[in-house]
Amino acid sequence: MLQLLRYYEILLDYSSLLFYNILAMSGYYYIFTYGCQMNVHESEKIAGLLREIGYVQSSDCETADVIVFNTCCIRDTAEKKILGNIGDVKHLKKNNPSLIVAVVGCMTQQKGIAESLKNKFPFVNIILGTHNIEELPKLVSDIDNKIIKRQISVSSEDNPEICETMPIYRTSGTNAWVNIMYGCNNFCTYCIVPYVRGRERSRAPETILSEIKNLLANGYKEITLLGQNVDSYSYEGYDFAYLLEKISEIGGKFRVRFMTSHPKDFNGKVIDIIKNSPNICNNIHLPVQSGSNRILGLMNRRYTRERYLEIIDEIYDKIPSAGITSDIMVGFPTETDEDFQDTLSLTERVRFSNAFTFVYSPRNGTVAAGMEQLPYSVKRERIKTLVALQNKISAEKSLDYIDNIEEILVEDVNPKKPGTVCGRTESGRLVTFSGEKALIGEFVNVKITSAKSSALWGVKE
Ligand code: SF4
């Protein structure tokens, strides 16, 4: 009976498809996604791959036939959570012995981790690295057809070819993520990314432009360009400024955002294009990490506090309404009170509209993991002070919006307040106002009437 019900649900999910497609269906998938937007987009590719072999999305992991953990190893806390979550699905195998469990993503690329996952979780069937995710459908089919039971496939290749034929099942509403490059060459001493994502590889501009044109033709209103360091995009002599300019020349009403920028590569050409192109949002995420030159040197960030502030001044000078956000770390090895005061004074000076503030955690295999570590109590006090300062600045900056008329791209209904919808200003601030679901995907002028912390409220003009 359960089987019949399951089959009936699958029929409903695919009711618009032809009969022969229904016969090809295989069951349900559920994906756990950890980490940043890059990983959210990777999960859209994993979903695309699974849908190609007939799987459809399950609303929870209990009813899934394939469970995928798309992991992230950037922070220690994420890694611990992932290991706990993998352990938690073991019992599902008892009820459904044919359940297939896969662990993919950058955690598996770390030295020795694939082997340790294999030993620790014997019920995991597939372990795949970041460079060979396209093998997933074949492995799932082979396990489903009892050809194999388990497979580990992790390539240590630093410069793998970019797969341009990956199917993508997009789930991000009005926004579509578009990778412009992969990997990183920077080797910041605290960061594991270059070890697990390989060297920088950029996609051809014409391929990116054609993907974007296609997305716009399909109704997407916002494109977010993704890369570990978009400013070092480089393809046969074409740079990031060129790419942005070409995208801005595509006709029609849409918005472009991009992340993440690196202060060492961010330049005036990019600022000019943002200023002169109505489609390119004046929302710039420029991670500073620390305000101390000594710590920036130890981090191998390759810019100084002075250079960072010079860039900020140029942005505000050319684009006064820019929304600048940042990543700020506290507790890097050997960070003194004086170093921390430098971070606070930089935060005060820049007045970020928002910042992702976090405590340094050592990652195995990175240079900083071998440096002298600070006690947690020091890190805890510093993060509290930094968060309080940034919250105060965000709240003050919110007041600057009051009485402004802002153009909002409506993204969603606000589930906490029926009858209201929310979306972002060009500068990236979230605004809530009265409106119906039908407004999703529309550009609406909204007068900002009140503000609390970094959230804004308004009324439709
Ligand atoms: S730029 Fe630095 S922090 Fe960013 S991904 Fe590369 S190594 Fe990591």
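Tutor: Let's start with a definition: a residue is buried if 20 or more other C-beta atoms lie within 10 Å of its own, exposed if 12 or fewer, and partly exposed in between, with C-beta atoms placed from the backbone. Also, this is a predicted model, where local features need pLDDT of at least 70, side-chain atom pairs count only at pLDDT 80 or more, and totals for chains, interfaces and linings use all residues. Residues are numbered from 1 along each chain as its sequence is written.

Student: OK, what share of the 461 residues of the chain count as buried?

Tutor: 41% of them do.

Student: And how many helices and strands are there in the chain?

Tutor: Helices (H or I, at least four residues) and strands (E, at least two) are DSSP runs, numbered from the N terminus. Here you get 15 helices and 21 strands. The radius of gyration is 23 Å, close to the 23 Å that the globule rule gives for 461 residues, so the chain is as compact as a globular protein of that length. That radius is taken over C-alpha atoms, and the rule is 2.2 Å times the number of residues to the power 0.38.

Student: Which residues of strand 3 are buried on each side?

Tutor: In a regular strand, side chains alternate between the two faces of the sheet. In strand 3 (residues 66-71), 6 of its 6 residues are buried. One side has Val-66, Val-68 and Asn-70, and the other has Ile-67, Phe-69 and Thr-71.

Student: Which strand pairs with strand 3 over 5 bridges?

Tutor: Strands of a sheet pair through backbone hydrogen bonds, either parallel or antiparallel. We call two strands paired if DSSP finds at least two bridges between them. Strand 1 (residues 27-33) pairs with strand 3 in the parallel sense over 5 bridges, with Tyr-30 opposite Ile-67. Strand 4 (residues 100-105) also runs parallel to strand 3, joined by 6 bridges, and Asn-70 stands opposite Val-104 there.

Student: Last one: which residues surround the ligand?

Tutor: A residue counts as near a molecule if its C-beta atom, placed from the backbone, lies within 6 Å of it. Among those around the ligand are Cys-184, Cys-188, Asn-229 and His-262. By class, the shell has 6 nonpolar, 4 polar and no charged residues. Ala, Val, Leu, Ile, Met, Phe, Trp, Tyr, Cys and Pro count as nonpolar, Asp, Glu, Lys and Arg as charged, and the others, Gly among them, as polar.
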